[in-house]
Amino acid sequence: MQNRIMLTICLLWAGSVLAQPSPNYHLVKKTVVGGEGGWDYLMADADGGRLYLSHGTQVEVLNLRTHQKIGVVKPTPGVHGIAVVPSANVGYTTNGRTHSATLFDLKTLQPSREIPTGLKPDAIRYDAFSGRVFIFNNEGNSATVLEAATGKVVGTVELGGAPEAAVSDDNGLLFVNLEDKNEVVVFDANTLAVKHRWPLGTGQEPTGLAFDQARHRLFSTCHNQQMIVLDSQSGKVLATVPIGSGVDGAVFDTATGSAISSNGEGSLTVVRETKPGQFEAIQTLPTQRGARTITIDPVSHHIFVITADYGTAPAPTAENPRPRPSVLPDTFVLLEYGID
């Protein structure tokens, strides 16, 4: 009887998934922000109605709906990530060049304090469950833990590898990619104890990480053009799905049940569980070269990426055998995508 009930549930679940039409993401708006410098993460703050874009030595702050510029947070040398804590009216940036985090006021956008971190702070995550901000130090192989409301350092998590993007289950656990170890580390947000280290199978150099909380799925995007799907309760690898090259970010859209990777080649790969245990790339959407990081507005379910136009790369040298092409001034652009 129990087996029959479980089979019925699986068939009903599969039918509901298959009945959903495949989402068709398309470009909604393109806005030239301008200015100079490179970029990394961007963040949509649905509660505050803002977009925060890392850009060189500052953060561009735009209206989430209109893209109108509200202001900037500066200086943030070599800024990578942004997190906001609405209840405390504060935000944070990670600054790779100064190995620090900047604490700023959400209303005025003025910095109030610079907080030392580990080496090359990169990704950042506010976890409302623990009331803490986690700063992931890519070269320091650690996470600096802050009291969210004040910026006070309350601990360090030794991760044993180079962290990239992280997600929270909103119930006391954080998951983070280790880029050089090809694994996901799970740790307790309160005790800071590492609980699990889960290998990513064939996935190499994981960067972006997305989370389907309802179905307990992690989506780790890797530089060998693979999205690795894990069970977030057991760490079991459920699927490997091909994606575009140059990936850096990933989000999960609860409206369509899709994990989306942002690929630096100039594409988005949309992946969905089409039947229980079977994951497929259901759409590949052209974006623009360099659009490798991504954020999602959980209210409108619109997706945002940033990039710019490139010039020529300088000649290779012994010190820099693979130089990056230059970024053309005043071409920094925000691209917004929605669904039909």
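How do the residues of the lining of the second largest pocket divide into nonpolar, polar and charged? In this predicted model, the lining comprises 6 nonpolar, 12 polar and 12 charged residues.

**The pocket.** Begin by selecting Trp39, Asp40, Asp248, Arg292 and Arg324, which lie nearest the centre of the second largest pocket. The complete lining has 30 residues, and the pocket has a volume of about 1,000 Å³.

Select residues 258–263 next, which form strand β23. All 6 of its 6 residues are buried, so β23 is largely enclosed by the rest of the structure. Ser258, Ile260 and Ser262 point one way from the strand, while Ala259, Ser261 and Asn263 point the other way.

Then display strand β24, residues 267–275, which runs antiparallel to β23 and is joined to it by 6 bridges. Here serine 258 stands opposite arginine 272. In the hairpin of β23 and β24, with 3 residues between the strands, glycine 266 has a positive phi near 110°.

**Backbone exceptions.** Most residues other than glycine have a negative phi, and most peptide bonds are trans. Select histidine 67, in the loop between β4 (58–63) and β5; its phi is positive, near 70°. Histidine 67 counts as buried because its relative accessibility is 4%, under the 20% limit.

Glutamate 205 also has a positive phi, of about 55°. This residue is found in the loop between β17 (194–199) and β18 (206–212), and is partly exposed, with a relative accessible area of 41%.

For the peptide bond, select lysine 74 and proline 75: the bond joining them is cis, with omega about -5°. Proline 75 lies in the loop between β5 (69–73) and β6 (79–85).

**Glutamate 158.** Finish in strand β13, residues 153–158, where glutamate 158 is placed. Is this residue buried or exposed? Glutamate 158 is exposed, since its relative accessible area is 54%, over the 50% limit. Leaving aside residues up to four places away in sequence, glutamate 158 touches Asn141, Ser142, Val194 and Arg197. Its C-alpha atom is separated by 28 Å from that of leucine 53, 105 residues apart along the chain.

Key: Residues numbered from 1 in each chain as written. Predicted model: local features only at pLDDT ≥ 70, side-chain atom pairs only at ≥ 80, totals over all residues. Heavy atoms only, no water. 1 Å grid on protein atoms, 1.4 Å probe; cavity = no way out; pocket = protein on both sides within 12 Å on 5 of 7 lines; lining within 4 Å. Points joined across faces, edges and corners; volume = space filled by probe spheres on them. Nonpolar A, V, L, I, M, F, W, Y, C, P; charged D, E, K, R; others polar. Helix = DSSP H or I, 4+ residues; strand = E, 2+ residues; numbered from the N terminus. Buried < 20%, exposed > 50% of the residue type's maximum accessible area, 1.4 Å probe, protein only. Contact = heavy atoms within 4.5 Å. Pairing = 2+ DSSP bridges.
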